[in-house]
Amino acid sequence: MSQKTTLRTVSTALAASTVVLLLAGCVGQSSSEPSASTPPASPSRPSVTSSAPASPSADGVSESEAVSLVEDYLTAFQEERFADAYTLLSEGAQSIAGPAERFADTAVGGFVRVDDATGYLGTDGVITAGPGPVDDAVLVTAVADRHADAWIVRDTPEGPRIDDAGVPLTGQSPYEWVNPASGPEDIRDVTPVDPTAPAAIVFADRGDGAEDGASLVGDPDQIVAYIGTTEVTASAAASESQRRWDIALDSVAPSADVQPLTVAWRVSDDLDVWRTSTTPLYTG
């Protein structure tokens, strides 16, 4: 292992106002017709509970706008309106997902499961927002039961859009969680964290394997780590076969309550999209 180096991202905010929404799930008529470029309207929902006023980012994307967009995205999955969900993705995320027809074919297994969307929007779900990894971005997290997910919402020329690069397929995923030991993202187990050690995610060394799909995932030399919406320290150590990122647990100690543990990174300089991986963080 090489000498461990602490890396921080351009975002230095350690905490910000959060928006917490307890939402009742809604089931509507499914549709296979693509929507217009304007994001679809959400069904009526219970009133929003907020812990603090939403704060706008430098370029005008507020946390409440980001949460509303993610709600619409999850509702589209819940109602199996995959064409509508596709219109809410950023251009970079759409380039990874492929055409809308391919997205519709892979949406449930590769992006958001219908039952997860229902849980996040349900009465036991909690959706929270905070500052993202860059000034024009907001991190939105969702927790329900022992499930967690997160998305980056950014200001784009088309308006606020979601960076969701999907889940790498089994056998092709170049990363997996080792603490908690939830494994690759597409076959993730739900398991408690070992609080005596740092949380950790491991990236395989793909070398020159970009042609095998690593270009859609990236080989990050910097990541941003969050527990909930609080940025925490991540440090990297590389070997000949893998790169491990250790995530400090001392500033936001895990407990029996589930928190989303998220890492985010830019896929590449050429592809304008952030990828995230989120696992539930809790003690046994």
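Tutor: What follows takes the sheet strand by strand, then a loop residue, then a helix and the chain as a whole.

The model is a predicted one. The sheet is open and has 4 strands in the order 10-9-13-14, paired in the antiparallel sense. Its edges are strand 10, residues 230–232, and strand 14, residues 274–281; each has a single partner strand, so one side of each lacks a neighbour in the sheet. From one strand to the next, the twist averages 30°.

Strand 13 spans residues 259–266, and its antiparallel pairing with strand 9 runs over 4 bridges.

Strand 8 covers 199–204 and strand 9 covers 224–227, and Q222 is found in the loop between them. Is Q222 buried, exposed or partly exposed? Its relative accessible area is 43%. Buried requires a value under 20% and exposed a value over 50%, with partly exposed in between; Q222 therefore counts as partly exposed. Along the chain, Q222 and A236 are 14 residues apart, and 8.4 Å separates their C-alpha atoms.

Helix 4 covers residues 100–110, and its buried residues are F103, A107 and G110. These residues cover an arc of only 110° around the axis, which means that they lie on the same side of helix 4. The face turned away from that buried side carries the exposed residues E101, D105 and G109. What do the buried residues of helix 4 pack against? Their partners are helix 1 (63–78), helix 2 (82–87) and helix 3 (91–97).

The totals give the setting for both parts. The chain has 5 helices and 14 strands. It has 284 residues, of which 50% count as buried. Taking contacts between residues at least 6 apart in sequence, 66% join residues at least 24 apart. The accessible surface of the chain comes to about 12,500 Å², and carbon and sulfur atoms account for 49% of that surface.

Key. Residues numbered from 1 in each chain as written. Predicted model: local features only at pLDDT ≥ 70, side-chain atom pairs only at ≥ 80, totals over all residues. Heavy atoms only, no water. Helix = DSSP H or I, 4+ residues; strand = E, 2+ residues; numbered from the N terminus. Buried < 20%, exposed > 50% of the residue type's maximum accessible area, 1.4 Å probe, protein only. Contact = heavy atoms within 4.5 Å. Areas by Shrake-Rupley, 256 points an atom, 1.4 Å probe, with all protein chains shown as cover. Pairing = 2+ DSSP bridges. Axes fitted to C-alpha atoms, helices over the stretch in contact; angles between N-to-C directions. Arc of directions from axis to C-beta.
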